Amino acid sequence: MRHPTGRGPARRRAAIAASAAALLTLAACGGGDDSTGTDDGGGDVALRFSWWGNDDRARITQQAIDAFEAEHPNITVEGEPLDFEGYFDRLATSVAARDAPDVITLGGAYPREYGDRGALLDLSTVAEQLPTDGIDAAALSNGFFSGVQYSVPTGVNTYAVIVNPAVFEAAGVPLPDDSAWTWDDFVAIAQQISDASPEGTYGAADPTSADTLDLYARQHTGDGLYSEDGGLAVEAGTLEDWWTMTKAMSESGATPPATVTAEVGGQPSPEQTLMGRGLAGMQFEWSNQLTALRTASGAPLELLRAPGETSGSEPGMWLQASQSYAIYSGSEHPEEAALLIDFLVNSEEAASFILADRGLPANAEVLEAITPQLDENTAAQAAFIAAIRDHVSEELIIGPTGSTETRSIVQRINDEVLFDRMSIADAAASAVDQVTTAIQ
């Protein structure tokens, strides 16, 4: 998965901030409906439910809504789908106008942004209607901050290493044991593949990204990029260690030269990546990209755990909410809204329609139930998630307001390092300064 950043984040944050005082008031008041949302209680209730996506997502979501309404005939759900490009601008406007949907779909750092400003309900207040004991603890942590559970995952992915066995085999290099390999092993294997491969094929794509730094920092220090209070946790020394390793890999040919890395930098389509073109043995990527990369490369790509998972201070990998569901703090029907979310994330019936469209179910029983319905590529992702779920970090601190800028900051500075335009020490210090400024 790629963290959704949308467009115009500064404009959206301004719209959110403009309504901060009103939202805090709404949070204190909570919902005004006392009904339980059961079939026989409280009379008819109408809920609004917003999400982004294409027509296929709208169709399968409506199927799940229809099934929910059949189970709760006194509740009517009005879907509000929108294209991703305009979704968060519209949401910011509706929240500022105190007219947000009852159930809101969020992604990336938005649960924290809206939660910190009082726009989201504390889900512990509707725990009876929305039990979370079946949802993976690591995935739940995606929506937990400031001591409050503000959202629950629609589904999960994980950040891992995708490998091309054909590239390994052609180079005469065995696949690593991902239950034990280290970063030194990763470097050595990448070098072996590059040395034994045709020009233009590399042992690994350059691994630098905000997600990889988050993983690496957690392994080495116990803390990821951000602190619980919304500050920056990673220190310059950790970043220096990282860039010392990756700069040496680029110089030795274990990863591509700066020109190639810059060419495929940012967020390219799968077909543009080295892995998608069959030109890399290893690439860090979100697990839900496996299907697209297999299709692009025409190769039976596999997922592996990240190096260093068993040799560091703690695991660095985590289960990431692909999206999340939250309840508007001003909803007049918070309990009924919670029933809807419960149905969407904990019901095998809802999952039979949605499958992996919003990530693989974070509820292990639901995931197991729908796995036979998944295609071969998605089933491979499900098997990987099931295998690692007991071995990943249970602590994930969602980035604070402004953290959506970290990705581009890291990419820019990485280019400066690889092109020898900035020393590693200066790059690490600049990354700390720029990200700190962005999240203040």
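Helices (H or I, at least four residues) and strands (E, at least two) are DSSP runs, numbered from the N terminus.

**Ground rules.** I am working with a predicted model, where local features need pLDDT of at least 70, side-chain atom pairs count only at pLDDT 80 or more, and totals for chains, interfaces and linings use all residues. Residues are numbered from 1 along each chain as its sequence is written, and side-chain values use heavy atoms, with hydrogens and water left out.

**Entry 1: helix H9.** I began with what follows H9, and found Gly222, with a positive phi near 90°. Next I checked the length of H9, which has 12 residues (210–221). The expected span is 1.5 Å times one less than the number of residues. For H9 that gives 16 Å, and the end C-alpha atoms are 16 Å apart, which agrees.

Then I looked up burial (buried is under 20% relative accessible area, exposed over 50%, partly exposed in between, with a 1.4 Å probe and protein chains only). In H9, 10 of the 12 residues are buried, so the helix is largely enclosed by the rest of the structure. Among them are Asp211, Asp214 and Arg218.

What do the buried residues of H9 pack against? I noted strands S6 (152–163) and S8 (280–286), along with helices H8 (183–195), H10 (236–252) and H17 (406–418).

**Entry 2: H9 against H17.** I took the axes as lines fitted to C-alpha atoms, for helices over the stretch in contact, with angles from 0 to 180 degrees between N-to-C directions. H9 and H17 pack at about 90°, and their axes are 9 Å apart. Angles under 35 degrees count as roughly parallel, over 145 as roughly antiparallel, 65 to 115 as roughly perpendicular and the rest as oblique. H9 and H17 are therefore roughly perpendicular to each other.

For contacts I use heavy atoms within 4.5 Å. Ala210, Asp211 and Leu213 of H9 meet Thr406, Arg407 and Val410 of H17.

**Entry 3: two buried residues elsewhere.** I found Ala382 in helix H16 (residues 376–388), and it is buried, with a relative accessible area of 3%. Leaving aside neighbours within four places in sequence, Ala382 is in contact with Leu360, Leu367, Thr371 and Leu374.

Ile354 sits in helix H14 (residues 348–354) and counts as buried at 8% relative accessibility. Not counting residues up to four places away in sequence, Ile354 touches Ile60, Ala64 and Leu344.

**Entry 4: aromatic rings.** Rings of Phe, Tyr and Trp (its six-membered ring) pair if their centres lie within 6.5 Å; planes under 30 degrees apart count as stacked, over 60 as edge-to-face and the rest as tilted. How many aromatic pairs does the structure hold? I have 22 in my notes.

One of the pairs is Phe49 with Tyr325, edge-to-face, at 5.7 Å centre to centre and 70° between the planes. Phe49 lies in strand S1 (residues 45–52) and Tyr325 in strand S10 (residues 319–327), so the pair ties together parts that are 276 residues apart in sequence. Phe49 and Tyr325 are both buried.

I also looked up Trp183 and Phe284, which are stacked, at 5.7 Å centre to centre and 15° between the planes. Trp183 lies in helix H8 and Phe284 in strand S8, so this pair ties together parts 101 residues apart in sequence. Trp183 counts as buried at 7% relative accessibility, and Phe284 at 9%.

Last, I followed the ring pairs onward: they link Tyr159, Trp181, Trp183, Phe186, Tyr216, Trp242, Phe284, Trp286 and Trp318 into a cluster.
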